[in-house]
Amino acid sequence: MGKEIVAMLLAGGQGSRLYGLTKKLAKPAVPFGGKYRIIDFPLSNCVNSGIDTVGVLTQYQPLVLNEYIGNGQPWDLDRLYGGVHVLPPYQQASGSDWYKGTANAIYQNLSFIERYDPKYVIILSGDQICKQDYSDFLKFHKEKDAEFSVAVMEVPWDEAGRFGLMVADSDDRISEFQEKPKEPKSNLASMGIYIFNWDVLKKYLTEDEADPESENDFGNNIIPNLLKDNRRMYAYHFSGYWKDVGTISSLWEANMEVLDPENSGINLFDDDWKIYSRNSGMPGHRIFADAVVEDCMVTDGCKIKGTVKHSILFPGVTVEKGAVVEDSVVMGGTVIKAGACVNCSIISEKVEIGEGAKVGAPAQEGAKKVATVSTGIKIGAGAVVGAEAMIEADVKGGECVE
């Protein structure tokens, strides 16, 4: 029996604008919000929306992501028929190739979709923080008798030129697509989340693959071809929380917004729409007698003897006596030694910040200067790391890096 809808999750992104954070990690596997990874959000959205069949298309640095997803049990996606499946590029009789674009990635996995013979296919991005009910999106698609629908958000007109824009009429039918135009005709920005009728998707992907001039991309090729053929295309307005966390500043901002759920729109404490993740298996965190902790998220296995304010600590972080952490994101297994000071920074996993070292600078109103330290780095005692520094190699004791 066929499935009504199958989800295809594009999770192969290199995330080059996250620099050292994605040097050994695919962007969807980047830790977020204390106990999650970015990919937890679309996977949880699928489960909460009643979608139980998900193909995860991986490519760049897939090891951690594959290991993290496993059999899908944390998201209730360990199914006999359906469930979650990791889909890397593979050798075929006609040869093998990396995924050349978003459309080609789906094309290479048409056989996976055909196994479930769905009526609809939803295509998702693995590098966004978004809480969205895809069942509402599907209901819209059906009511409009659409062949293709795209989720859109209204953005300020003065920022519209940064996005792919959908021009739609009063019935939400799309008449034009503009890719980062100098003179926008619309402020409906594409979220990169699409629903296709399965037969339409298969036809256009097959034709696109046969075109040697194509970039094999949804935005540059598939959507323009649908428009050219006057297909029934509609824009679904989404008004909830959505953020592309493809840059250091946007990733830091989104983490800080987790600490302000009443105003930011992202509430990780919502029992009606839980975000699921793989458990760390660590014991509860411990806050010692002289510690100061204010406005923070502190997760499993943390040991805090110093001061932590307006920050997010992932599992197994240690903050020694006299150390201060403010306005920062500190990922799992990191040790911040006595007297060290971390401000407005993203510290990756298994970092050691030496005694008396200083990383970053205090946050200033309107400024987004975020220091970044890559996985496994050692910052020597007394070292100074500047407000926008990106550290990808060990820093010696007493050294100053701007």
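**Close-up views of a predicted model**

**View 1. Helix 2 and the second largest pocket.** Helix 2 contributes three residues to the lining of the second largest pocket, the most of any element. The model is a predicted one: local features need pLDDT of at least 70, side-chain atom pairs count only at pLDDT 80 or more, and totals for chains, interfaces and linings use all residues. Residues are numbered from 1 along each chain as its sequence is written, and side-chain values use heavy atoms, with hydrogens and water left out. Helices (H or I, at least four residues) and strands (E, at least two) are DSSP runs, numbered from the N terminus.

**View 2. Volume and lining of the second largest pocket.** The volume is about 710 Å³. Lining this pocket are 24 residues, and P31, R37, Y68, S280 and E349 are the closest to its centre. Two or more lining residues come from each of strand 3 (36-37) and helix 2 (63-69). By class, the lining has nine nonpolar residues, seven polar and eight charged. Ala, Val, Leu, Ile, Met, Phe, Trp, Tyr, Cys and Pro count as nonpolar; Asp, Glu, Lys and Arg as charged; the others, Gly among them, as polar. A pocket is an open set of points on a 1 Å grid over the protein atoms alone, where a 1.4 Å probe fits, with protein on both sides within 12 Å along at least five of seven lines; lining residues have an atom within 4 Å of a point. Grid points are joined across faces, edges and corners, and a volume is the space filled by probe spheres set on the points.

**View 3. Cysteines without a disulfide.** The structure holds zero disulfides (pairs of cysteine sulfur atoms within 2.5 Å). C296 is in no disulfide, and the nearest cysteine sulfur, in C302, is 10 Å away. C296 is partly exposed, at 22% relative accessibility. For C400, the closest cysteine sulfur is that of C341, 14 Å away and so too far for a bond. C400 is partly exposed too, with a relative accessible area of 49%. Buried means under 20% relative accessible area, exposed over 50%, and partly exposed in between (1.4 Å probe, protein chains only).

**View 4. Two aspartates with positive phi.** Most residues other than glycine have a negative phi. D172 has a positive phi of about 75°. D172 sits in the loop between strand 9 (164-168) and strand 10 (174-179), and is buried at 17% relative accessibility. D327 has a positive phi near 50°. Its loop joins strand 21 (324-326) and strand 22 (329-330). D327 is buried, at 17% relative accessibility.
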